[in-house]
Amino acid sequence: MYDLIKEAIVDDDAAIELSKMDKNVVEVVDAISELSLEDTMKLGMKFKRFPLGCDLTEAVVGTCASDLELMELLGNCRLSDMLGLPIHICAYAFADIAEKHGMRGIEVMRKVYDSVDVPLDLDHFGENGPMRLPQNIVGCGGECYNKGPVYTECPRDRIHERLIDKEKAESSDKEEWVKLSSSVAINLTSEQTGEGHAAPYREAVDIADLAKKYQRGLEAIMFIGDGYDDLITGFEKAIEIGADVFVLEGGPYNAAKNPVEAFAKAVAASRILCPGKVVGTNGAYERECRVGLRSGLNVIITGFPKNHHGYMCGYEPGTARRGKFGLPRIMQIMKEEVHNPNVQVPVLKEDLIPLTTAIKIAGRNYIYPKKIGAYTVGDAHWATLINSKMYKNLTLKNDLNDIVNSANGNSVALLGGRFLSWVIANELDKQVDEIIISDADPWVQRMTVENLQDALDATIIPGDGDVNSANQADSSIISSTVPGISNKILNKVPNAFNIV
């Protein structure tokens, strides 16, 4: 495994081989532990390319805290929605705010759901529904993050002070919370010697089962821990429980001898092992955020003032404390560390709408975790967005049937080679003999051609630019849902069918 991983850093074919094979967690972690930091970062970024992994970089924002007014919470959520940032739901805070207003927690959840279109990511949720915690816990100033490493558990024993009677009083609403969510987070750190930090594993299993019942995305939170045994346990449990997304917590819960290097290696290993190809962090000091982004990190969870995620990412010991507004800082760190001229960093609403359009055209029967060829169609983002109100309210100009019916003759050129082109090609395979794939990115074109060649009966041909590809085919379809890209192609190939 070490030799293959070492080759994959510089050899595309080795990376492709590695991505397709069954992988053993210990072997992957062992192999990456032997790499230099520079090679680790190169490997992680290699596996962030389409379609080896998700290539988006995203901020997810916690909008709530127990001592916010309902109006402040709703205003924070509206601002997040305007930007297009998914909202991280700290369920205990929603329930606390509801209690102050004589409401049930689910009523606040519904108000937020009705107010926004972006995905809702549910966290701090247990076997009774929203976890409930005493005031000294919900108002914690972030002692562990502010003091710095190494803590092995929450110094206030927050989990062991849960207000179970309050939880049980609203347990009948439990499934409704999940129905209104796009994804659900579970915490696996109790399996990584973090018994004082997280609920027992049985609760993670219970919530994972509920998320799968309603086809919601599942995120598994784990510590970096010692950077080896703890991490291996986290990966193995995440895969066993069926997680789509790996969420890595560093900060004071990164006890490795070299915490920066350990964080980078955890991200790189996650890039290779994570089923849904999305790797995030809910807690990482600034130096961890930066090296993580250079190693292929997709998501940083941050927060508005008073929300605990506001200080958990992007700050350093001595400055990480409750009250910080982490979002602007995280956005700037992302801008400095991620250089991708083709994708906005972080992803905003104008990027989510075309992605949601592609997902809606493809439909639930095609998207992740479903596969065409060797790869899933999309990543865990696709499973999350399909459960958002953005998806529900989006109106398509053309559905998949319209697109396929636009094709005439036995040869079709697909102009744009990302995931949606796979779905269109799979449908066209029933009626054409030849499909030409054209994409401005040679890597995207190559990966799509090779994947479809193995999956379809039609002859799949690499294109030679959009114009030449269209001239060689009986008909052409622009398979990008990004208006700027599709209009640019349409100007060159005016007879092509434009799906948006």
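**Linings and salt bridges**

Tutor: Five helices each supply at least two residues of the lining of the largest pocket: H4 (37-46), H18 (349-362), H22 (419-428), H23 (442-455) and H25 (483-492). Residues are numbered from 1 along each chain as its sequence is written. The model is predicted, so local features need pLDDT of at least 70 and side-chain atom pairs pLDDT 80 or more, while totals for chains, interfaces and linings use all residues, and side-chain values use heavy atoms, without hydrogens and water.

Student: What makes a residue part of the lining of a pocket?

Tutor: A lining residue has an atom within 4 Å of a point of the pocket, which is an open set of points on a 1 Å grid over the protein atoms alone, with protein on both sides within 12 Å along at least five of seven lines. In the largest pocket, H18 gives the most to the lining, with five residues. The second largest pocket is lined by 15 residues, and Ser 19, Lys 23, Pro 275, Lys 277 and Lys 371 lie nearest its centre.

Student: What makes a lining residue nonpolar, polar or charged?

Tutor: Ala, Val, Leu, Ile, Met, Phe, Trp, Tyr, Cys and Pro count as nonpolar, Asp, Glu, Lys and Arg as charged, and the others, Gly among them, as polar. On that basis, the lining of the largest pocket has 21 nonpolar, 15 polar and 13 charged residues. The lining of the second largest pocket divides into eight nonpolar, two polar and five charged.

Student: Why is the contact of Lys 147 and Glu 143 called a salt bridge?

Tutor: A salt bridge needs a side-chain nitrogen of Lys or Arg within 4 Å of a carboxyl oxygen of Asp or Glu; the N to O distance here is 3.5 Å, so the pair qualifies. The two residues are four apart in helix H9 (residues 143-147), which means a separation of about one helical turn. In the whole structure, 31 salt bridges are found.

Student: How do you know whether Lys 147 is buried or exposed?

Tutor: Buried means under 20% relative accessible area, exposed over 50%, and partly exposed in between (1.4 Å probe, protein chains only). Lys 147 has 58%, so it is exposed. Glu 143, at 27%, is therefore partly exposed.

Student: What makes the salt bridge of Lys 213 and Glu 175 a tie between separate parts of the sequence?

Tutor: The side chains of Lys 213 and Glu 175 meet at 3.2 Å, N to O. Lys 213 lies in helix H12 (residues 201-213) and Glu 175 in helix H11 (residues 174-180), so the pair ties together parts 38 residues apart in sequence. Lys 213 has 52% and is therefore exposed, whereas Glu 175 has 31% and is partly exposed.

Student: Why is Asp 244 called buried?

Tutor: The relative accessible area of Asp 244 is 7%, so this residue is buried. Its side chain forms a salt bridge with that of Lys 212 (3.5 Å, N to O). Asp 244 is in the loop between helix H13 (229-241) and E8, and Lys 212 is in helix H12, 32 residues apart. Lys 212, at 38%, is therefore partly exposed.

Note on methods. 1 Å grid on protein atoms, 1.4 Å probe; cavity = no way out; pocket = protein on both sides within 12 Å on 5 of 7 lines; lining within 4 Å.
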